[in-house]
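Subject: Structure handover

Hello,

Here is the structure for you to look at. My notes on it follow below.

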Amino acid sequence: MNDKTVVLNAGLVNYDGNIDYSQIASEVVIYEETSEDEILERVAGFTIVVTKEMKVSGDIIRKFPDSVKMICEAGTGYNNIDLEAVREKGIILCNIPAYSSQRVAHTAILMILNLASSMQKQIRMLSEGNHDNFHKHLMVDHVEVNGKTLGVIGYGNIAKEIIKVAQAMGMKILVSTRTPRTDMENLHFTTIEEVLKQSDFISLNCPLNESTRHMINKETLAMMKPTAYLINTARGALVDEKALIEALQNQVIAGAGLDVQEVEPLDDSSPLYSMDNVIITPHMGWRGLETRQRLVSIIQENIRAFAKGQPIHRVD
């Protein structure tokens, strides 16, 4: 079976030792992490290369040995791999679609509910020994999400899961997507401008590319309601982080829930860590145990399909 596989950065998925890569192919070599300088040496002699959110430049891909026939990006987004170079080399590129859709969607919903309840501020008050919420009246904002408008930018698998839960909570839904679509019950497809202007919560659910990079910036933030919240569980660079920080500090918008950041890990000096109106998490949406197990299972399916001459989930 022509499935000799190298995993270059297994540690990003198997950080807790609960994920088993050893069964994804008949022969597997696993590295916890790989520096850019080590890539070419480590892919030599292998047919399949597995990476996870690891930048693989065009210059490096063009130097890949002829033995490499497929790269499997162990995730949904593949903006970290130079697609033009992959095509030039005739290498198959596949990804892992929809493995984390529900888990990421639930992370977005978690942020919506927590922001509506000022949970970040309440937890911080408790950690400081401040019990005013108990002994006086409620000292923080606390609003319903039912009846509020959720604006969704993008309409892929994760967006659809978010919409499903939001509708069950009684939210009104606006969606901006590149493909024209017909409205459904309690779901209106419209322009990104209307989504920005009319929504109480805005969820970003689109891929990162040159047309979407910094789609949320000083100008688009200014279109949002001052009472609105931004939720990003997609890619950090969809948002101009400097502009967002300024908007949050100046009450241009009410707050943000960010599972992804423009540069990861987020610098320790970032003011986002200490803002009462921000919930920030370490790109955890895909990191549920069951989610990661499903991820590795689909990697195995990709490799088996390739070995049979019928590759699946191609994005090249």
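The lining of the largest cavity is made up of 4 nonpolar, 3 polar and 1 charged residues. Please keep in mind that this is a predicted model. The residues along that lining are Asn232, Gly236, Val239, Glu241, Leu244, Leu258, Val260 and Gln261. The space inside the largest cavity comes to about 40 Å³, and the count of cavities of 30 Å³ or more is 1.

Leu244 also belongs to the largest nonpolar core, a set of 31 residues in which Leu230, Leu244 and Leu272 have the most contacts. At least two residues of this core come from each of helix H8 (192-198), strand E9 (201-204), H10, E11 and strand E12 (278-280). H10 gives the largest share, 5 residues. If neighbours within four places in sequence are set aside, the contacts of Leu244 are Leu221, Leu230, Val239, Ile253, Ala256 and Leu258. There is also a second, separate core, with 24 residues, including Ala108, Ile109, Ile112 and Ala159.

Asn250 sits between helix H10 (241-249) and strand E11 (255-258). Is Asn250 buried or exposed? Its relative accessible area is 55%, so Asn250 counts as exposed, the cut-off being over 50%. Between the C-alpha atoms of Asn250 and Ser100 the separation is 34 Å, and the two residues are 150 residues apart along the chain.

Regards

Technical notes. Residues numbered from 1 in each chain as written. Predicted model: local features only at pLDDT ≥ 70, side-chain atom pairs only at ≥ 80, totals over all residues. Heavy atoms only, no water. 1 Å grid on protein atoms, 1.4 Å probe; cavity = no way out; pocket = protein on both sides within 12 Å on 5 of 7 lines; lining within 4 Å. Points joined across faces, edges and corners; volume = space filled by probe spheres on them. Nonpolar A, V, L, I, M, F, W, Y, C, P; charged D, E, K, R; others polar. Helix = DSSP H or I, 4+ residues; strand = E, 2+ residues; numbered from the N terminus. Buried < 20%, exposed > 50% of the residue type's maximum accessible area, 1.4 Å probe, protein only. Core = buried A, V, L, I, M, F, W, Y, C linked by side-chain atoms within 4.5 Å. Contact = heavy atoms within 4.5 Å.
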